[in-house]
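Take a look at the chain and its fold. The paragraphs after it walk through the parts one by one.

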Amino acid sequence: MLHCIIFISLLLVGNLLQGFPTAKRTNESFIDKKWVNNSHILPTESGKSQQKASMCRPTDKNPIPQGTKIDKSPISKDTKQPIDSHILPTESGKSQQRISICWPTAQSPISKDAKQSIDSCIQATESGKKESGTFGLVRQNGTKFHEGIDIKSFTKDKNGKPTDCIYAFMDGKVVYVNTSESASAYGRYVVLEHEYFLTLYAHLASTSVSVGKTIKAGEKLGILGTSSNCAKIPDTRAHLHFEIDFQIDNGPNFSTWYTKKYNSLPPHGAYNGYNLIGVDPLIIIEKLTKGTSFTNILSDEKEAATVQIAGNYIPPFVNKYAKLFALSIDLSKPVHGWNIQFSWFGLPISWTPIYNKIEQAQKIKLVSYRKSLMEQSIKTNILEKSSKGSNEITVGSKIVNNLNKMGFTTN
Ligand SMILES: [Zn+2]
């Protein structure tokens, strides 16, 4: 039981952690040269001029210096593991926020005295290919997307059943527990809400927490298993499917979208997998352990497509995750639409409000896309090739669906 807790002290500096609408926008004249070189700028309808979305990336005006000191201070009694603490340099007079993260199973590859690599903790599918247990287009010859990582079981009972405990990744609150194996492809699963994102723990054999419970990093959530209502997971490939997620909608919009599409209310409500967008947990873990601030954890994510959407509407997603987008909105003026940058897997990574009236036939329009990410963006349905064989690239169904789930009208 040597999974570790990593403490990261983050400085609460100025407006760094302030949310919408007071955070300063930081997009002025930020142009990514690489983006300019390989993006396609689409002509406007008139053909007279071209438009390009302003570059509003999640940036941090007060970067937190990297820590070097390793501290061995004790941790709270809620957790029972040894610690590696990363203490970042402090500025006198500034308050601190201590962040602890914990690998969600006992065999931590991220602790200082880790006995195994991250690679050796990943469970492959029956293909045997290690990358099939990681995040991304890693399945079915690179055509099927895997939205999390699969962490293997290390301990079994005499019958070969997994006995590994599952631990909370960070301090948070239990917001959803599904105890029915047959009710989801995730099987039995637990969702925790943290300050900046959700974490999801799937295929559990059992859970030991209930909704509403406040959780500390490293606290036990249940036992690793093989539960799922999809293809049977054999005991030999028992694993924790772990996701770090953003919730597309936390109001009624997702439910409305789902009901219209499937003629029933969504099972698991707002914690249905269709309402969650996963990001690569290994990238987030690496960034947090290196002392990257939460507001910068998405800053390396490149925009695969920039879309303009019309509508006098501020979606719940923007309010919920405003801290990550470093944008401000002038509420004295109506918002007529947005320029939204999407990652290649469909996460909106920046939002720029449009205050001028938008005159366009369609409510949604592709402004630009990144050529170097085009092929994978087509595979994830962020972009689509026109069926008429003209090689025209259009907004893909994943973006349209995600915007509809947020409550935007796209037609
Ligand atoms: Zn998985």
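What follows goes from the whole protein to its core, then to single helices, a sheet and a few residues.

This is a predicted model; local features need pLDDT of at least 70, side-chain atom pairs count only at pLDDT 80 or more, and totals for chains, interfaces and linings use all residues. Residues are numbered from 1 along each chain as its sequence is written.

Start with confidence. pLDDT is the predictor's confidence in each residue, from 0 to 100. Its mean over the protein is 79, and 76% of the residues reach 70 or more. Over residues 7-95, however, the pLDDT is below 50. Beyond near neighbours in sequence, this stretch has 173 contacts in the model. Two residues are in contact if their C-beta atoms, placed from the backbone, lie within 7 Å. Where pLDDT is low, the predicted coordinates should not be read in detail.

Now the overall build. The protein has eight helices and 23 strands. Helices (H or I, at least four residues) and strands (E, at least two) are DSSP runs, numbered from the N terminus. Of the 411 residues, 42% are buried. Buried means that 20 or more other C-beta atoms lie within 10 Å of the residue's own; exposed means 12 or fewer, and partly exposed lies in between, with C-beta atoms placed from the backbone. Among contacts between residues at least 6 apart in sequence, 70% join residues at least 24 apart.

The largest nonpolar core has 82 residues. Such a core is a set of buried Ala, Val, Leu, Ile, Met, Phe, Trp, Tyr and Cys residues joined through C-beta atoms within 7 Å. Those with the most contacts inside it are Ala-168, Val-190, Tyr-201, Ala-305, Val-307 and Phe-342. Strand S12 (residues 198-204) gives the most to this core, with five residues. The core also draws at least three residues from each of domain 1 (27-60 + 301-406) and domain 2 (69-289). These bounds come from an automatic or database domain assignment.

Which residues is Ala-305 in contact with, leaving aside its neighbours within four places in sequence? They are Phe-342, Leu-366, Tyr-369, Ser-377, Ile-382, Leu-383 and Ile-399.

After H8 comes Gly-407, with a positive phi near 105°.

Helix H3 (residues 253-262) has Asn-253, Phe-254 and Trp-257 buried. They cover an arc of only 100° around the axis, which puts them on the same side of H3. The arc is that of the directions from the helix axis to the C-beta atoms. Asn-263 follows H3, and its phi is positive, near 60°.

Helix H4 (281-289) has Pro-281, Ile-284, Ile-285 and Leu-288 buried. They too cover an arc of only 100° around the axis, which puts them on the same side of H4. An α-helix has 3.6 residues a turn, so residues three or four places apart point the same way. H4 is followed by Gly-291, whose phi is positive, near 90°. Thr-292 sits in the loop between H4 and S18. It counts as buried, with 20 C-beta neighbours inside 10 Å.

Turn to a sheet. Three strands form an open sheet in the order S9-S15-S13, with antiparallel pairing. Strand S9 (165-167) and strand S13 (206-207) stand at the edges, each with a single partner strand, so one side of each is left without a neighbour in the sheet. Two strands pair if DSSP finds at least two bridges between them. S9 and strand S15 (residues 220-223) have three bridges. The bridge partner of Cys-165 in S15 is Ile-223.

Last come two backbone angles. Most residues other than glycine have a negative phi. His-203 is not a glycine, yet its phi is positive, about 65°. His-203 is found in strand S12 and is buried, with 25 other C-beta atoms within 10 Å. Asn-381 has a positive phi near 65°. Its place is the loop between helix H7 (374-379) and strand S22 (383-385). Asn-381 is partly exposed, with 17 other C-beta atoms within 10 Å.
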